[in-house]
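Please keep the model in view while going through the points.

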Amino acid sequence: MILNIVAIVVLLLLLFFFSCSETSLTVVSKPLMHQLEVEGDSRAALVNRLQNRKERLLGSILLGNTLVQILASALATSVAIAMFGDAGVAYGTVFMTVIVLVFCEILPKTIAIHQANTLALALAPIMRAIAWLFGPPILAVQAFVNGLLRLIGVPLNSEVGIDETMAELRGAIDIHTVEDDVKHERKMLRSILDLGDVEVGEIMNHRKNLVTINAALPMSVILDQVTASPYTRLPLWKGDHDNIVGVIHSKDLLRAVRNHTGDLDEIDIVGLATPPWFIPDSTTLIDQLQAFRKRREHFALVVDEYGTLLGVVTLEDIIEEIVGEISDEHDVQVAGVRPQPDGTCIVNGDVTIRDLNREYDWRLPDEHAATIAGLLLHESRMIPEVNQVFLFYGFRFEVLRRVRNQIISIRLTPPSDAGPQENS
């Protein structure tokens, strides 16, 4: 009886081990193990190999756990019968149920959940030996199970699509960056993942805000306009504003003026300009970023399907989508969002939805409209009047100002649990 009791204790310890192994090797951080393997950790490499053969790993754990649990129950029942007679069957069942549930299931798995990475590294060498030992019977059982699954039509393809991978990355960013001190980093990571979904038409500088130069003007007037502009690259047009003939760089113009000794009007402004580069408004940011790098250019003109000029996009615009607003001493500061003491925001109609979502962690949809005014027009299916109020997606939209058919200003009231926060 003493030997049986000792054997039961040993088997319960084995159950504890199998429960720890199952949980820790299942919930272990894959990115952390990958990084440790890159840094030369052999145990992390072993964990990754076990993860890559998860069916064999789990099969070995379940086989060992089942064998040990049945044997422990049988021994406990025999000991209970020897001590209490036929009633020992009930006593042994109740005793083993409580012991196994508390000390061999809940306790080890709770420990493993909170120390998954540490335990996985420690238990991986032992589990490799067990997986090798139980390998042949597990492979046979797995082949039988796979045959049954195919017979009833259950798909066995475990490949993860790109959409699922991106969703997993976004989820990981949200889970692991809940602290305020990494809020900016979370925004950057989200923006990087969105580069393939956002089109240049959503972030471009609209044509109504562009500074362009009429190439037919006298050189003295052109110089005044170039030096007064906060931009270094300016589109040149002739005859019509949509007829862009080149892009002049202020440095090239000033260099030509410095080297010219005669009449300034003799300078060929179009000859100094670089050929215009037109891109469709449907180009994604990731494609445009690669194109900027390949062509070694920073400036592109955005056109629609009819070839009409819509605006311009620069390399800085794309970088700002990742790192946030970049301002220098020549930037024109435009107050697009003005938080109010009552928790509302007065927002210019041309403020993009992406900027609002990124700044305040909102979830306003940007599939059908790029700006907040565009979203209001899309959802209301009308041109609102001043002081007209709408409720969309939990937000309250109040039109404050309208010029002809253009919405200039909106008072936006977010839901109580999604209010604007102070910029850090």
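Which residue takes a positive phi in the hairpin of β6 and β7?

1. Basis of the note. This is a predicted model, in which local features need pLDDT of at least 70, side-chain atom pairs count only at pLDDT 80 or more, and totals for chains, interfaces and linings use all residues. Residues are numbered from 1 along each chain as its sequence is written, and side-chain values use heavy atoms, with hydrogens and water left out.

2. The hairpin. The residue is G307, with a phi near 85°, and the hairpin has 5 residues between its strands. Helices (H or I, at least four residues) and strands (E, at least two) are DSSP runs, numbered from the N terminus.

3. Strand β7. β6 (residues 299-303) pairs with β7 in the antiparallel sense over 5 bridges; two strands pair if DSSP finds at least two bridges between them. L301 has V312 of β7 as its bridge partner. Strand β1 (residues 205-206) also pairs with β7, antiparallel, over 2 bridges, and H206 stands opposite G311. Because 6 of the 6 residues of β7 (residues 309-314) are buried, this strand is largely enclosed by the rest of the structure; buried means under 20% relative accessible area, with a 1.4 Å probe and protein chains only.

4. The open sheet. Here 5 strands lie in the order β8-β9-β12-β11-β10, with antiparallel pairing. β8 (337-339) and β10 (389-392) are at the edges with a single partner strand each, so one side of each lacks a neighbour in the sheet. Between β9 (residues 345-348) and β12 (residues 406-413) there are 4 bridges, and C345 stands opposite L412.

Definitions and conventions: Buried < 20%, exposed > 50% of the residue type's maximum accessible area, 1.4 Å probe, protein only.
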